[in-house]
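Trainee: I have a model open and would like to go through it with you. Where do we start?

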Amino acid sequence: MSTVETHKTACILCYVNCGLEVEVQGRQITKVRGDRDNPRSQGYLCQKAGRIPFYTNNIAHRLTTPLRRTPAGDFEPIDWDTAIGEIAAKLNAIRAEHGGYAFGFYGGGGQGNTLGGPYGLALSKAMGSSIFYNALSQEKTGDYWVNGEMFGAQNCHTAEDIDHTDLLVVIGSNPWMANGFTRAREAVAEIRKDPARKLLVVDPRRTEVAEHADLHLRLRPGTDAFLLGAILAIIVRRGGEDRTFIAAHTEGFDAVRDALLDIPVDDWIRVADVPRAEVEAAVDMILAAPSMTVRVDVGLQQARNSTLNSYLEKLLFLLTGNFAKRGANGLHAWLAPLMGHSRPDDVAPVTGQLKIAGLLPPNMLPAQILTDHPERLRAFFVDSANPANSVTNTALVEQAFRALDLMVVIDVAMTETARQADYVLPAANQFEKWENSLFTYEYPRNYFHVRAPLFPPLEGTLVEAEIYARIVRAMGDLPDDRTLAELRNLAANDRPAFSQAFRALTRSDPKYGAIAAVILYETLGATLPGGAAATAPWWLPAHRFAAEFGESVHRAGIEGEGFELGENLFAAILSERSSVAFSDLDYEDTWSLMKHPDRRVRLAVPAMLDWLKRLDPADAEPDPDYPLMLIGGQRRNYNANQIMRDPRWRKTDPHGALHLHPDDMAAAGGLAGGWMAVETRVGRIVVKAEVDENLRPGQASLPHGYGQIYDTPGGQVTVGPRLNVITDCDDCDPIAKTPYHKNVAIRVSRPTAAEIAAMEEQAARLGEVA
């Protein structure tokens with residue numbers, strides 16, 4: 001029997017990536033607990049992390065050989081050399097005939113699986129493409145667009161100083177279930193226990209975090225813009241804005257004030273269906289708080305008027321002066337930005353859709369393929385993502401995938417997206433390779449966590465860095481072997497000389513600059529200890545950050561000057577198994593992260609003020625044909641992301657039940673524990689149903705993270721709802737095209753007898769393994 005070993009790593013079930021200490025025996029994780037040595041999460045874990053063994057120990061459902069689609073439509077196993085050679089040849093042919101816009105990329109990593117991203121982007125750049133999609137571009141781009149207008153760049157990203165705030169305002173977010181910031185439940189509990197600190201929650205549902213609130217504004221679903229506009233209007237009517245802060249740090253207040261004073265406050269509060277006295281009490285709390293920080297998430301960012309919502313949310317903390325000070329919001333540092341910045345004229349060639357932060361919205365993906373436009377997408381890579389389940393309008397997405405000339409999926413299992421591919425390449429999982437956190441959203445002290453592998457890659461799989469390096473080599477895009485060998489020797493023996501030689505090479509030819517990550521992997525990576533070659537791309541941002549923010553790096557505990565400081569920072573992030581602080585900014589340093597040359601916030605964003613003026617209460621009225629408003633993707637105890645494919649991991653809610661208010665269940669003639677049909681204008685699904693008194697009447701919810709196909713002794717079963725079968729690509733934000741997944745108009749009814757029989761058969765099969 002193998003010995004039990006203890007290792008440090010991190011959770012992969014949400015982007016907070018709490019530190020873990022795990023016990024390992026052979027290839028099995030046998031115990032999971034919080035890592036008390038992790039300076040960021042400090043031993044904290046939510047309820048989900050203990051189920052990680054269901055992911056990493058589930059070897060039976062892993063892919064262990066490349067697969068190629070046959071003319072008959074099924075898959076056949078092939079060897080790695082054949083797969084790489086054929087894919088590279090097809091990419092070269094597509095690049096030569098159609099140019100860069102023919103290639104698109106989706107993914108590049110997700111929660112706890114991000115290190116393949118730089119290599120996938122290197123392939124995209126080698127193809128000459130900038131067509132890039134990921135989960136962030138389905139959730140956050142409206143927020144990023146607003147950041148660009150107000151702070152000067154779309155990768156100026158705001159964060160919250162929750163540990164020190166006097167008033168935490170939570171809007172469209174449920175950190176009790178979803179985390180979203182470190183030690184979420186402990187942080188909320190600390191606020192609740194302190195009589196000097198307050199919690200204000202704005203959410204239609206009586207969420208778990210709302211149970212701890214001093215005040216819960218239970219607005220009508222989809223009316224966030226009306227309620228936030230009314231709150232801001234009351235603040236300026238009371239003269240509650242922070243004039244000193246506004247004069248010192250902002251531009252455009254007069255135009256904003258005029259727009260807010262034009263708001264018919266009583267009418268908008270009626271639309272939101274919140275008592276006026278509660279709204280006034282919320283304003284009292286905001287104006288009385290010595291400090292306030294505002295926490296939002298996709299409940300606001302995928303709701304009606306999503307980009308406008310993000311603008312109003314930022315006005316809330318900016319007009320009250322709760323920015324760049326202790327206990328408030330601020331801009332956080334990045335070791336390397338998670339997203340880029342796009343010019344106002346940078347649009348997709350087929351749809352004309354605006355790129356935001358270098359990203360395109362996935363719900364516009366089918367339109368980029370299903371067309372005869374000469375610059376349509378023809379080749380598509382999907383890496384560590386499952387858009388066939390997670391992107392709006394599943395049927396249309398799958399139709400688009402089938403119309404591609406080439407589709408390659410890199411993943412650990414045969415996902416619903418992989419079933420649409422021409423080639424499926426098996427990857428090592430998150431615990432079989434070097435990995436790192438990427439969502440370094442802490443403020444004002446930031447951490448970076450590089451994780452060593454717990455196990456070697458499963459036989460037949462490769463880490464993403466190696467997959468992409470082999471493809472780029474087979475395409476003929478790498479420098480010659482002699483040049484790489486010289487760089488490798490310098491990296492091992494003279495790092496300053498390596499730096500000069502690497503920069504000279506990547507500047508000598510654009511094609512080498514495009515694949516800089518792969519060149520680093522092939523050269524510097526080969527010299528790194530412990531097989532950490534895939535981490536090599538972090539060497540460059542470590543040096544860039546140290547050069548620009550040397551003082552904050554020193555305050556974080558890293559010593560050295562100049563080039564040495566960058567080397568020491570890179571060495572620290574590679575060696576510290578429980579994460580390392582890479583930046584410690586003073587609150588005033590926030591202004592150095594601004595990208596407007598004068599470091600002043602632009603409060604007046606013309607497109608947003610025009611939108612505010614056009615906001616019409618009639619648009620918030622229910623659709624009589626689809627009168628219920630669905631939360632499409634609710635956070636629950638045992639739903640996480642699409643990687644958790646083994647249904648046995650769930651202690652509760654195995655079917656991903658539809659939740660309805662008791663009145664709505666009764667009106668539809670449904671029974672708790674029975675089946676209900678859910679319909680929209682684009683689709684219909686049949687799901688288990690349960691009552692939930694925490695919902696408002698007229699509101700329903702379904703969880704995200706379900707819809708995976710799973711093999712049982714009785715045959716395949718789809719585990720829970722494929723939620724995006726019923727979502728509509730066109731039901732989205734007018735600027736960012738963010739889908740309104742948190743406000744989906746539906747109707748519910750009793751299913752047919754045939755539908756019930758089919759679902760009962762599925763449930764019986766699931767019961768064989770769950």
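Predicted model: local features only at pLDDT ≥ 70, side-chain atom pairs only at ≥ 80, totals over all residues.

Trainee: Fine. Which strands form the open sheet, and in what order?

Mentor: The order is β5-β4-β17-β16-β15-β6-β7, 7 strands with mixed pairing. Strands here are DSSP E runs of at least two residues, helices are H or I runs of at least four, and both are numbered from the N terminus. Two strands pair if DSSP finds at least two bridges between them.

Trainee: Which strands stand at the edges?

Mentor: β5 (75-77) and β7 (131-133) do, each with a single partner strand, so one side of each has no neighbour in the sheet. On average, neighbouring strands of this sheet are turned by 15° against each other, direction ignored. For angles, axes are lines fitted to C-alpha atoms, for helices over the stretch in contact, and the values run from 0 to 180 degrees between N-to-C directions.

Trainee: What packs on the sheet?

Mentor: Helix α17 (residues 464-474) does, touching β6, β15, β16 and β17 (423-426). Its direction makes about 160° with that of β15. Contact means heavy atoms within 4.5 Å.

Trainee: Let's take β15. Is it buried or exposed?

Mentor: Strand β15 (residues 379-383) has 5 of its 5 residues buried, so it is largely enclosed by the rest of the structure. Buried means under 20% relative accessible area, exposed over 50%, and partly exposed in between, with a 1.4 Å probe and protein chains only. Ala379, Phe381 and Asp383 are on one side of β15, Phe380 and Val382 on the other, and both faces are covered.

Trainee: How many bridges does β15 make with β6?

Mentor: Strand β6 (residues 103-107) and β15 pair in the parallel sense over 5 bridges, with glycine 107 opposite aspartate 383. β15 also pairs in the parallel sense with strand β16 (residues 406-411), over 5 bridges. There, alanine 379 has leucine 406 as its bridge partner.

Trainee: And what joins β6 to β7?

Mentor: 3 bridges, with the strands running parallel. Tyrosine 106 is partnered with tyrosine 133 in β7.

Trainee: Change of topic. Which residues of α10 are buried?

Mentor: In helix α10 (residues 265-272) they are Val265, Trp268, Ile269, Val271 and Ala272. Seen down the axis of α10, they fall within an arc of 155°, so they line one face of the helix. That arc is taken from the directions from the helix axis to the C-beta atoms.

Trainee: What covers them?

Mentor: The cover includes α7 (224-237), α11 (276-288) and α26 (606-614). After α10 comes aspartate 273, with a positive phi near 60°.

Trainee: How many cavities are there?

Mentor: A search of the whole structure finds 2 of 30 Å³ or more. On a 1 Å grid over the protein atoms alone, a cavity is a set of points where a 1.4 Å probe fits but cannot get out; a pocket is an open set with protein on both sides within 12 Å along at least five of seven lines, and lining residues have an atom within 4 Å of a point. Grid points are joined across faces, edges and corners, and a volume is the space filled by probe spheres set on the points.

Trainee: What is the volume of the largest cavity, then?

Mentor: About 350 Å³. It is lined by 24 residues, with Gly172, Asp203, Gly299, Ile631 and Lys742 nearest its centre. α12 (298-301) and β23 each give two or more residues to that lining.

Trainee: Where is the cis peptide bond?

Mentor: It runs from tyrosine 443 to proline 444, with omega near 10°. Proline 444 is in the loop between β18 (435-436) and β19 (445-448).

Trainee: And what is the phi of alanine 357?

Mentor: Near 60°, a positive value in a residue other than glycine. Alanine 357 is buried, with a relative accessible area of 3%.

Notes. Residues numbered from 1 in each chain as written. Heavy atoms only, no water.
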